[in-house]
Every structure is written in structure tokens, then in C-alpha cells.
Amino acid sequence: MIDVLLGLQWGDEGKGKIVDYLAANYDIIARFQGGPNAGHTLYVDGQKVVLRTIPSGVFQAHCLNLIGNGVVIDPVSLKAELSQLVQIRPDVPGRLFLSQKAHLILPTHRALDAASEAAKGADKIGSTLKGIGPAYMDKTGRNGLRVGDILSGDFNKKYEQLKQKHLAMLKQYDYEADWKEWEAEFFDAIAYMRDLQIVNAEYWLDKQLKAGKKILAEGAQGSMLDIDYGTYPFVTSSNTIASGVCNGLGVAPSRIGEVYGISKAYCTRVGSGPFPTELDNEIGEALRKAGNEFGAVTGRSRRCGWIDLVALRYTVMLSGVTKIILTKADVLDGFAELNAGVAYMIDGERTEEFPFEVCTANLQPVYQQFKGWEKPISTCSEYEELPQSFKDYCSFVEQYLGTDIAYISNGTGRDQLLVNPGKN
Ligand code: GDP
Ligand code: IMO
Ligand code: MG
């Protein structure tokens, strides 16, 4: 079976930390979508590491790591990431595998991302500018270049053809890009990638599954950024929900086991787009400070707000989440009162469904209020030590979502994770 772990909000729920912890129980960690727009933070021996395209299983010495066909790979970014990792873990390249079918991000994809955002002006998505959207557009437009292509003799020709297409598009945008500078490092990185382990990943995974290996699929971004179900058009360009695992790795739905959904005990979003429970005030500011809510990739400050149970119940439904992992619970220490969004009012009508019109509607969240905790969560080392008020909050969330909370994360370290006995 292949288990899945994904973010249930707008990304940055703490997936990297949790995968790093859970990887102790798995043989293989596989990324199935996204690319270097992801920034997954882990702490290894007290040292902060941010992973972008490489799965978060690399710090468990026994774990193999696969970058699946659903991922878009920027060779330059991959080379930089891997070169850095090798300094601390020289064995990583030997445990890293790339799907032949993963698509490549070209320097001109990054230029097109920037040009498209600039052209949108105030309506911009707030993209990470890593070329994600343009690379997926070329994939679905049937123009893309794939990892397997770098081993063929006519790769340079294919590259040149696609680049010319991109240059024509950039002209229409009237956008000056420094893609020429990026080209030399691109080909350098392509040469580097040729020495990595490139596999026919669907067969490779099938063999591993038949040999009884335990696999965890690591999501990137969050369910509310899903191309189909997120707050379109303020989304990313891939399927971030559990169904993306089947497309992004070539595994059948019948092989999916546990689906872990991660949510912060509050909520954040980086980039533009609707965020019903956003706190554009001093409480939001306090959350940002306590949670150190600044982007791992772009350094942008993250928008903060209360947990939105309407959106969460929607994403739990979409992915068939079997267990919830609640992260950053410690960040709410020190708040005398907190809220959870339980419904929306739209033009005087109450709804508990996530609405199609989320980008345009006059939408007000309805809150359930909770008392703050009687003692700090950050100092707890066992589930039993957690304050009763927090346990009550968790029970409410479980009831609303119809799903158990299996783990509670109360700090950045790998072991700052409390196991809910009987529920994991
Ligand atoms: P990801 O993209 O889902 O992997 O999350 P990010 O790494 O982008 O952002 C999560 C941030 O929260 C990182 O800086 C983590 O070190 C930090 N973090 C994760 N879990 C916890 C937690 O339980 N408490 C606190 N205070 N920080 C956490
Ligand atoms: P992880 O895996 C948070 C957001 C961007 C932007 C939108 C589209 O670290 O949780 P893109 O570059 O994908 O075209 O940007 O999606 N976004 C993320 N927000 N965490 C992420 O990844 C994100 N990846 C993309 O800010 O609003
Ligand atoms: Mg992140």
C-alpha cells in the first residue's frame, strides 16, 4: 500500500517536518506534484534545511526518495539543492530516483511566469515565479521536455525549438528577461542530472510495492491551491489532493492506504486570493510573529487567520483523509481567546459548503469561540500533558471534520510531536 500525506490548507502546514518524522516507518518517500515552488522545512541536528524538489525522506538513512512524473523539475534548482544536501549527507544521490516522465522547467518558463504575473498587475496570482504554471501549460499543451529526453541525442534541438516558442511569447508580453544568463547554468545542471538515477518510475514503484515496501507520497502546496478544487484562479497548476498521487506516480487508487491530512491549528496563506478567516489586524500580526510566518521559498510574509473548518471539511472530503495531523498548536499559546470558522454568511444566507463564488462573494465567516489554554502547549512532551481546553478544541475539530486527530505538533523539531493514543 501507498500512504499519502498532504496539506489541507493553502500550503506550509508543516509537511516537511512531519514527513521527516514519519519517514522512519517507510522505505520510500515519493513526491507526486509541484516543484521548486514548495519549501519544506526540517531541522536536522538543530540545523535548518529547506527542501524544494527533493522528498523529505532524505534524512532517514534507510529511505529511498523518488521524484515522480507529476513533478516539474527545474534542473538548476535541483542541482543547487542536491549539491547542498551532499555536504551534510553524501549518500543522498545514491538514494534519489527521478522519473523519466517528470517534466522540465526551462529558464524561459521562469521568464514567462514573471512576464505573465507582471501583465496581470493588481490581479496577479502571487506566484513563486519558479516557472511552475508555464511548465505545466507546456505539459498539457504537449510541448514539454521530460527528464528522459535529456538522455537522447536530440535534446539540444528539442530545447531550442521550445525556447524559440517561448521567446515569441515573451515578445508579445514585451518582457525583457535575463534568460540568456540562465541558459549556461541550465545546461550545466542538465549534465549533472544525467548522472542521477533516472528510472521507469511506474514499474520501479510497482516492484517496490510487490516486494512489500512501505511508501509514503509527500504532497506539496495545499489542497486549497489545487488546480481543480482550490480558490481558482488563485491556485497552483497541479492536483494537490490525494487523487494527484495516482496521476503523479502511476499507482492505482486501490493501492492507496492511509491519507494523512495536515492542518495548522490556525491558518495561513501566501500570495493573492480569498482567505475567508484572514485577520488583517493585530491578532493576525501576533499569529505571524508567534508562528514565524514568513515564506520558506520567497521570504514573503504569510497572511494569517483563524482555522477555517468549512474549508478543512471540504478538503478532508476531497482526499478521503483518514487521519489529521494538527501542527503549530504551540503558536496559539498566549492567546486568551481563539476562534474557529464554522460557517459562512453570504448575502444573509448561512452555508457550511465551500462556495464556487469564494473569489467574488460578500462572504463573512461565522465563528465558534474557544478559551485559550490554561498552560503552554510548547512545553508538553506527552499527549496526556496537554491542557484540557486544548483537548476540548481538538474534540470539536474532530467532530466537525468527522476525522480523528492522530498527532499534534508543538514545535519545529522532529520529535516535537505528540501521539494521540488510540488514534494513530
Ligand atoms: P511545509 O511547506 O508544509 O513543509 O511547511 P513550511 O516548512 O513551509 O512551513 C512550516 C514552518 O513551521 C517551518 O518553519 C517549520 O519549521 C515550522 N513548524 C512546523 N511544525 C511546527 C510546530 O508544530 N510548531 C512551530 N512553532 N513551528 C512549526
Ligand atoms: P509548500 O509545498 C504555500 C502559492 C503561491 C501562489 C500560488 C501559485 O511549501 O506548502 P505557483 O508558484 O505555484 O504558480 O504559485 O500558490 N504556493 C504556495 N503557497 N506553500 C507552497 O508550497 C506553495 N506553492 C505555491 O504563493 O499564491
Ligand atoms: Mg512551505
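**Exercise 1. State whether Trp373 and Phe390 are buried or exposed, and describe how their rings pair.**

Step 1. Trp373 and Phe390 are both buried; buried means under 20% relative accessible area, exposed over 50%, and partly exposed in between, with a 1.4 Å probe and protein chains only. The model is predicted: local features need pLDDT of at least 70, side-chain atom pairs count only at pLDDT 80 or more, and totals for chains, interfaces and linings use all residues. Residues are numbered from 1 along each chain as its sequence is written, chains are lettered from A and ligands numbered from 1 in the order in which they are written, and side-chain values use heavy atoms, with hydrogens and water left out.

Step 2. A search of the whole structure gives 16 aromatic pairs. Rings of Phe, Tyr and Trp (its six-membered ring) pair if their centres lie within 6.5 Å; planes under 30 degrees apart count as stacked, over 60 as edge-to-face and the rest as tilted.

Step 3. The rings of Phe370 and Phe396 have centres 5.2 Å apart and planes at 70 degrees, so this pair is edge-to-face. Phe370 belongs to strand 18 (residues 363-371) and Phe396 to helix 11 (residues 388-401), so the pair ties together parts 26 residues apart in sequence. Helices (H or I, at least four residues) and strands (E, at least two) are DSSP runs, numbered from the N terminus. Phe370 is buried at 12% relative accessible area, while Phe396 counts as partly exposed at 22%.

Step 4. Trp373 and Phe390 are also edge-to-face, with 5.0 Å from centre to centre and 80 degrees between the planes. Trp373 is in the loop between strand 18 and helix 11, and Phe390 is in helix 11, 17 residues apart.

Step 5. Ring pairs join Phe370, Trp373, Phe390, Tyr393, Phe396 and Tyr400 into a cluster. Arg313 lies over the face of Tyr400, 3.9 Å from the ring centre. A charge sits over a ring if NZ of Lys or CZ of Arg is within 6 Å of the ring centre and within 35 degrees of the ring normal.

**Exercise 2. Describe the interface between domain 1 and domain 2.**

Step 1. The domain assignment gives domain 1 (2-102 + 196-260), domain 2 (103-193) and domain 3 (263-419); the bounds come from an automatic or database domain assignment.

Step 2. The centres of domain 1 and domain 2, taken over C-alpha atoms, are 22 Å apart. In domain 1, 31 residues are in contact with 27 residues of domain 2, where contact means heavy atoms within 4.5 Å.

Step 3. About 2300 Å² is buried between domain 1 and domain 2, and carbon and sulfur atoms give 66% of this area. Buried area is the accessible area (1.4 Å probe) that two parts lose on being put together, summed over both.

Step 4. On the domain 1 side, Val72, Pro75 and Lys79 lose the most area to domain 2, together 24% of what that side buries. The charged end of Lys79 sits over the ring of Tyr192, 5.9 Å from its centre.
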